[in-house]
Amino acid sequence: EKYKKRIMRDFDSVLSSGRLIFGPFTSRFEEAFARYHKRSHAIAVHSCSAALEITLRYIDVKDFEVIVPTNTFVATAFAVLRSGGKLVLCDTESEYCGVSLPALKSKITSKTRAVIAVHIGGYMAPWLSDIREFCDKNSIALIEDAAHAHGARLDGKLAGTFGMAGCFSFYPTKIMTSGVGGCILTDDEKLARFARSLRHFGEGKGLGDIVNEGANWIMDEFRAVVAYYQLQALPENIKNNEEIAKWYDDEFAEIKGIYPARIRHGQK
């Protein structure tokens, strides 16, 4: 409620300027999102699906294998297929709902190009740092599907900052929403340039200079306004969600057969 007036004020500024895309409000959001995560680049896009596909195309997974956990939404798998990669499903362990390192190792072949770690419900597997170390040693790209994990932390490190890229969603069901929308978070300058090209039809120095096969994957100024204020409200929204989660845990505690995901020390 407290952000409505500011949002409407900024909407009025967008309408008055006539600049509906690639204006100051998109830049403001990208800079704030990157700064919050202490990463070099945040590239606002149309969806987490777009963020994943752009990242997979950047590392060129065509005809290579990409490992995806079985416990995820279809969008994660579809991004692999649309990028020309070969989808390899990997079982998840039951306690934290993430890919276990032994299961991951059993799926690795000479054709493995990337691993996508999915933070279901905002939970990051406690051994995520071990997965990152394993991927680094084997020259395998680690990508985070952080669609559920805005503001989540593991040992003080934010979701989206473990891998080469963190891919976020701002779909209506997420803890941060702009209606629809997504973002790529990275320190890789080349990935950032590639993403900015692909999100707008593959442009180089403009739409008269097409250098990649891209698509209309942009975030408009209105959604960037909403996303910016959702970021400001993120700590409060996380606190509210934690209170709701505790209520559910208390209510479910006496019901046999329901086992809430356990938060270990270091997860937040």
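Strand S8, which spans residues 165-169, is mostly covered, with five of its five residues buried. This description, like the rest of the report, rests on a predicted model. The side chains of the strand are divided between two directions: Ala 165, Cys 167 and Ser 169 point one way from S8, Gly 166 and Phe 168 point the other way, and all are buried.

Strand S9 (residues 182-186), in turn, pairs with S8 in the antiparallel sense, and five bridges connect the two. Ser 169 has Gly 182 in S9 as its bridge partner.

## Packing of helices H1 and H8

Helix H1 (residues 4-17) packs with helix H8 (residues 221-232) at an angle of about 155°, and their axes lie 10 Å apart. Because angles over 145 degrees count as roughly antiparallel, H1 is therefore roughly antiparallel to H8. The crossing in which H1 passes H8 is right-handed.

On the H1 side, the contact is made by Arg 6, Ile 7, Arg 9, Asp 10, Phe 11, Val 14 and Leu 15, while H8 contributes Glu 221, Phe 222, Val 225, Val 226 and Tyr 229. Sorted by class, the residues in the contact of H1 with H8 comprise eight nonpolar and four charged residues, with no polar ones.

How values were computed:
Residues are numbered from 1 along each chain as its sequence is written. This is a predicted model: local features need pLDDT of at least 70, side-chain atom pairs count only at pLDDT 80 or more; totals for chains, interfaces and linings use all residues. Side-chain values use heavy atoms; hydrogens and water are left out. Buried means under 20% relative accessible area, exposed over 50%, partly exposed in between (1.4 Å probe, protein chains only). Helices (H or I, at least four residues) and strands (E, at least two) are DSSP runs, numbered from the N terminus. Two strands pair if DSSP finds at least two bridges between them. Axes are lines fitted to C-alpha atoms, for helices over the stretch in contact, and angles run from 0 to 180 degrees between N-to-C directions. Angles under 35 degrees count as roughly parallel, over 145 as roughly antiparallel, 65 to 115 as roughly perpendicular and the rest as oblique. A crossing is left-handed if the near helix is turned anticlockwise from the far one by less than a right angle, and right-handed if clockwise. Contact means heavy atoms within 4.5 Å. Ala, Val, Leu, Ile, Met, Phe, Trp, Tyr, Cys and Pro count as nonpolar, Asp, Glu, Lys and Arg as charged, and the others, Gly among them, as polar.
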